[in-house]
Amino acid sequence: MRVLVLGAGVVGVSAAWFLRAAGHSVVVLERQPGPALETSFANGGQISASHAEPWANPAAPAKIVRWLSRADAPLLFRPRLELGQWLWGAAFLRECRSDRTTANIRTICRLALHSRAVVKRLRRELALEYDCLEGGILHFYTDRREFEASLAPAALMRELGCARQSMSTREALALEPALEAIADDIVGADYCAEDESGDAHKFSRELAARCVDRGVEFRFETTATSLLVADGRVLGARARCADREPEEIRADATIICLGVQSALLLRPLGMRPLIYPGKGYSATFDGAEPERVPRVSLTDDQFKLVFSRLGNRLRVAGTAEIGAWDLALDPIRCAALTKRTQQLFPDACDYTRPNYWAGLRPVTPSNVPYLGPTCVPGLFLNAGHGTLGWTLGPGSGELIAQVVSGKMPAVDLPPVAA
Ligand SMILES: Cc1cc2nc3c(=O)[nH]c(=O)nc-3n(C[C@H](O)[C@H](O)[C@H](O)COP(=O)(O)OP(=O)(O)OC[C@H]3O[C@@H](n4cnc5c(N)ncnc54)[C@H](O)[C@@H]3O)c2cc1C
C-alpha cells in the first residue's frame, strides 16, 4: 500500500518507521525544514509510563479555580470567547469523574507500557543515540496530602503492570542525592525504575534518518492544505511547497499526525476531534556538573515540573496554559523555571544563559489520544497525545501501522469518535 503520513513530529516519524517496516511505501509531509521541530523539539524528555494520571481527575476543577488568578500557575485555563475552548472545557469536566479518571489511567498506562517497550527495542535494534538515561523517574512530593493522594493511583498502576513504588524521603534521597538542598521539604516520593528519559528531538531525527535509509520519502517545507476526498473516501492530500506548484498526493491510507494542528484538516469532513493547545515551557541549561545534576529524571509535584539530564545539559519543563495558540515566551513563566531549578540544584549548571522554549501540547480532555481508523475509509488518526507524546508516540506508531496493515493491534485501542 502507499501510505501518506501527515506530520513529522515524534508521532509521525514513529508511524513512518513502522509502516515502512510493515512493507508499505511511505511518504511523509512536514511543513518544517526537518523532523520534530515543533512540540517534539524541547519537551521534558520523560518516557513516563508511571505518569498515566490525566490532568482531568476529581481534584482538578478546584485546583484550576484556585490557580485562575496566578500568572505562574502550573495549569492555567484562561476563559476566551472561543467555542472550541468551551466544548473542550465541558468535556474535560466530564472526564474529571472518578470512574472516567480510572478508565483513562488504565488506557494511558496500557499504551505507555507498550510504547516504553517499543522505545527500548528500537534503541537496541537501531543503536539510536539521543542522550537517553535509563535511571528511572522519581516523583517527589512536598505536600503530605498530595503524597497521600498519589498512593491509590500508584497502587492501580502496579496492578496494571507499571512498577511505581511509593517511598520515604530517606529512600528518595538515597536514590537521588542531588535533592539534598530541599531534603527537609520532601514528604515522600514514588519511583519507577523502568521509566527513562532522553531527547525526543534527537530520537526523531535519528529515527527519520533510518526511515530514509529504508526508503521512506520525507517532503519537508511542505504543508498539507486539505484532504482529497471522493465518494466518501480519503484519497490523500493537497500539499503546498514554497518553490513548487500545489500538488495532489494520492495514497491508499492517510494518517493524521499533525499534533495540535490535527483538527484543522478534519473540519471539512464534519469531524471535530477535541484536540486543543496546552502551551508549556522548557528551559535547557548547559554545562551540567556531573556531581551536582540529578542522576535520575525527576518530577516536582508541587511545581508540576519535570527535570531531565540530557548529556551535559539539564532540562526543566512544565506549566500549561489551555487554549494559548501562540509561542511567545512569557518572562514570568520563564523566570519561574530557572528559579525553581536553581533552588533545587544550586551550582549544578550554568544558569546565566538559559535556553527557553515554548511548545503546544496537543491535549484531549481525557489525555487519551485519537488513535486508529476513522469512520471515513482511507483516513486514520494518530494525534492528541497531550502531555505524553514522547512517552506514547513510538508505541502509537507501531499500533497504527498494525491497524493500517489490517492486523490486530498489540494493545486494545481506545475508540476513535471524532
Ligand atoms: C513543555 C512541554 C513538556 C513536555 N514534556 C513531555 C515529557 O516529558 N514526556 C512526554 O511524553 N511528553 C512531553 N510533552 C508532550 C510531547 O512533547 C507532545 O505530546 C509531542 O511532542 C506531540 O508530538 P506530535 O508528533 O503529535 O506533535 P508535533 O511534534 O507538534 O508534530 C506535528 C508536526 O506536524 C507538522 N504540521 C502541522 N501542520 C502541518 C501541515 N498542515 N502540513 C504539514 N505539516 C504540518 C508540524 O510542523 C509538526 O512537526 C511535553 C510537551 C511540552 C510542551
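Seven bridges, written 7 bridges in the count, join β14 to strand β17 (residues 313–322), and the two strands run antiparallel. This is a predicted model. Within this pairing, F285 has L314 of β17 as its bridge partner. On β18 (residues 355–363), β14 has another antiparallel neighbour, joined to it by 9 bridges. There, P277 is paired with P362.

How much of β14 is buried? For strand β14 (residues 276–285), 10 of the 10 residues are buried, so the rest of the structure largely encloses it.

Next comes the packing of nonpolar residues. The largest nonpolar core has 54 residues. L19, L122 and F203 have the most contacts inside it. Several elements give two or more residues to this core: β1 (2–6), α1 (10–21), β2 (25–29), α4 (98–126), α5 (144–159), α7 (200–213), β13 (253–256) and α10 (389–404). Which element gives the largest share? That is α4, with 10 residues. L19 shows how the chain comes together here. Leaving out residues up to four places away in sequence, L19 touches V3, V5, H24, V26, I255, A401 and V404.

Now turn to a sheet elsewhere in the chain. Strands of a sheet pair through backbone hydrogen bonds, either parallel or antiparallel. Here 3 strands form an open sheet in the order β10-β11-β12, with antiparallel pairing. β10 (222–230) and β12 (247–250) stand at the edges. Each has a single partner strand, so one side of each is left without a neighbour in the sheet. Direction ignored, neighbouring strands of this sheet are turned by 35° against each other on average. Between β10 and β11 (residues 233–241) there are 8 bridges. L228 stands opposite G236 in β11.

Charged pairs come last. Side chains of opposite charge can pair when their charged atoms come close. The count of salt bridges comes to 26. One of them joins R31 and E38, at 2.9 Å from N to O. R31 is partly exposed, at 39% relative accessibility. E38 is partly exposed too, at 30%.

K63 forms a salt bridge with E146, and their closest N and O atoms are 3.4 Å apart. This pair links distant parts of the chain: K63 lies in helix α2 (residues 60–67) and E146 in helix α5, 83 residues apart. Is K63 buried or exposed? K63 is buried, because its relative accessible area is 16% and the cut-off for buried is under 20%. E146, at 25%, counts as partly exposed.

D131 and K202 form another salt bridge, with the closest N and O atoms 2.8 Å apart. This pair also links distant parts of the chain. D131 sits in the loop between α4 and β5 (137–141), while K202 is in helix α7, 71 residues apart. D131 is partly exposed at 23% relative accessibility, and K202 is partly exposed at 25%. Finally, salt bridges link K120, R123, E134 and E196 in a network.

Terms used. Residues are numbered from 1 along each chain as its sequence is written. This is a predicted model: local features need pLDDT of at least 70, side-chain atom pairs count only at pLDDT 80 or more; totals for chains, interfaces and linings use all residues. Side-chain values use heavy atoms; hydrogens and water are left out. A nonpolar core is a set of buried Ala, Val, Leu, Ile, Met, Phe, Trp, Tyr and Cys residues joined through side-chain atoms within 4.5 Å. Buried means under 20% relative accessible area, exposed over 50%, partly exposed in between (1.4 Å probe, protein chains only). Helices (H or I, at least four residues) and strands (E, at least two) are DSSP runs, numbered from the N terminus. Contact means heavy atoms within 4.5 Å. Two strands pair if DSSP finds at least two bridges between them. Axes are lines fitted to C-alpha atoms, for helices over the stretch in contact, and angles run from 0 to 180 degrees between N-to-C directions. A salt bridge is a side-chain nitrogen of Lys or Arg within 4 Å of a carboxyl oxygen of Asp or Glu.
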